[in-house]
Amino acid sequence: MALLHVHTIPTFSPISSFHSSSPSASPHISLPHSSSIKTLQQNHSLVSFSSPITKDRNFSFSTHPRRLLCKPPLGKYVREDYLVKKKTAQEIQELVKGERNVPLIIDFYATWCGPCILMAQELEMLAVEYESNAMIIKVDTDDEYEFARDMQVRGLPTLFFISPDPNKDAIRTEGLIPIQMMRDIINNEM
């Protein structure tokens, strides 16, 4: 991939501290102090425990499967009629290397990221506004983990603004940013 010079704009990212650096890492779950748990029995149908708070009374939590009222959504937040299309790492590398006369905005997101969903709505509005003056695309960091790692994406959402002029540095933002800030970057920096 072509070497990009990146200028980072610091923003607040509530997700950056929760985004792990490895795909197999799980979030840390803290349990009560070991002296407060007297027994922990796990069976396929029953989990019971006692604690000083419950005065040694056993409670059971049923683990029967839930009945679904409706089919859950797919959770991709990218539909066929959206202007912002999901691309693979290979497709993005071809776009960056290729000839363009409009800025390229790359949104690194995840389906489980709440601020990413809010950013997707703003990017759709921006795609309508700049339909022929900017190219906005998405990368799912869960699907393209190695590409996101190579681009040093540590917080979500992360946006890269890449100018068609190869002499200009790419601009990187991390976290949820207002739509007016995106307009300013496209209009003044690209």
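Cysteine 116 counts as buried because its relative accessibility is 3%, below the 20% cut-off for burial. Cysteine 113, at 0% relative accessibility, likewise counts as buried. In this predicted model, the two cysteines form a disulfide with their sulfur atoms 2.4 Å apart.

**The disulfide**

- The count of disulfides comes to one, and the pair concerned is cysteine 113 with cysteine 116.
- The disulfide is right-handed, because the torsion about the S-S bond of cysteine 113 and cysteine 116 is about 80°.

**Tryptophan 112**

- Tryptophan 112 is situated in the loop that runs between β6 and α2 (114-129).
- With a relative accessibility of 45%, tryptophan 112 is classed as partly exposed, since that class covers values between the 20% limit for buried and the 50% limit for exposed.
- A polar contact of 3.0 Å joins the side chain of tryptophan 112 to the side chain of aspartate 142.
- Tryptophan 112 and aspartate 142 are 30 residues apart along the chain, and 9.7 Å separates their C-alpha atoms.

**Arginine 100**

- Arginine 100 belongs to the loop between α1 and β6.
- Although arginine 100 is buried, it has no salt bridge.
- Glutamate 99 provides the nearest side chain of opposite charge, at a distance of 8.6 Å from arginine 100; a salt bridge would require a side-chain nitrogen within 4 Å of a carboxyl oxygen.
- The side chain of arginine 100 does reach backbone oxygens: a polar atom of this side chain lies 3.2 Å from the backbone oxygen of leucine 95, and the side chain reaches the backbone oxygen of valine 102 at 3.0 Å.
- When residues up to four places away in sequence are not counted, arginine 100 touches Leu95, Ile162, Ser163 and Pro164.

**Helix α1**

- In helix α1 (residues 89-97), the buried residues are Ala89, Ile92 and Val96.
- These buried residues line one face of α1, because they fall within an arc of 60° when the helix is seen down its axis.
- The cover over the buried residues of α1 includes the strands β6 (104-109), β7 (135-140) and β8 (158-162), together with helix α3 (145-150).

Conventions:
Residues numbered from 1 in each chain as written. Predicted model: local features only at pLDDT ≥ 70, side-chain atom pairs only at ≥ 80, totals over all residues. Heavy atoms only, no water. Buried < 20%, exposed > 50% of the residue type's maximum accessible area, 1.4 Å probe, protein only. Helix = DSSP H or I, 4+ residues; strand = E, 2+ residues; numbered from the N terminus. Arc of directions from axis to C-beta. Contact = heavy atoms within 4.5 Å. Polar contact = N/O pair within 3.5 Å; in protein donor to acceptor, adjacent residues only side chain to side chain. Lys, Arg positive; Asp, Glu negative; His and termini not counted. Disulfide = S-S within 2.5 Å.
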